[in-house]
Amino acid sequence: MNLLEKILYCRQKAGLSQEELADILGVSSQSISKWETGTSTPEVDKLLLLAKTFGVSTDWLLSE
């Protein structure tokens, strides 16, 4: 799995909508959509928040 697949997987496993995750991270739901489609990637500070929110390591998020 790559980063975009992991974000989608973790979000769905946590039972969060794109909008709910966006609220937690302080970004727009459009940002979440772009991350999950590979159009853009989260900045480092958002990667840290993603890892914390999902209870995973940043290493896991970034590894393929």
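Student: Which helix is Glu-36 found in?
Tutor: Glu-36 is found in helix α3, and please keep in mind that this is a predicted model.

Student: Is Glu-36 buried or exposed there?
Tutor: Glu-36 has a relative accessible area of 9%, and because buried means under 20%, Glu-36 counts as buried.

Student: What does the side chain of Glu-36 make a polar contact with?
Tutor: The partner is the side chain of Arg-11, at 2.5 Å. Once neighbours within four places in sequence are left aside, Glu-36 is in contact with Leu-4, Ile-7, Leu-8, Arg-11 and Gln-18.

Student: OK, and which residues of α3 are buried?
Tutor: In α3 the buried residues are Ile-32, Trp-35 and Glu-36, and they lie on the same side of the helix because they cover an arc of only 95 degrees around its axis. Gln-30 and Thr-37, on the other side of α3, are exposed.

Student: What covers the buried residues of α3?
Tutor: The cover includes α1, α2 and α4.

Student: Switching to α2, which of its residues are buried?
Tutor: Helix α2 spans residues 18-25, and its buried residues are Leu-21, Ala-22 and Leu-25; their arc around the axis is only 105 degrees, which puts them on the same side of α2. The face turned away from that buried side carries the exposed residues Glu-19 and Asp-23.

Student: And what do the buried residues of α2 pack against?
Tutor: They pack against α1 (3-13), α3 (29-37) and α4 (44-54).

Note on methods: Residues are numbered from 1 along each chain as its sequence is written. This is a predicted model: local features need pLDDT of at least 70, side-chain atom pairs count only at pLDDT 80 or more; totals for chains, interfaces and linings use all residues. Side-chain values use heavy atoms; hydrogens and water are left out. Buried means under 20% relative accessible area, exposed over 50%, partly exposed in between (1.4 Å probe, protein chains only). Helices (H or I, at least four residues) and strands (E, at least two) are DSSP runs, numbered from the N terminus. The arc is that of the directions from the helix axis to the C-beta atoms. Contact means heavy atoms within 4.5 Å. A polar contact is a pair of N or O atoms within 3.5 Å; within protein, one must be able to donate a hydrogen and the other to accept it, and residues adjacent in sequence count only if both atoms are side-chain atoms.
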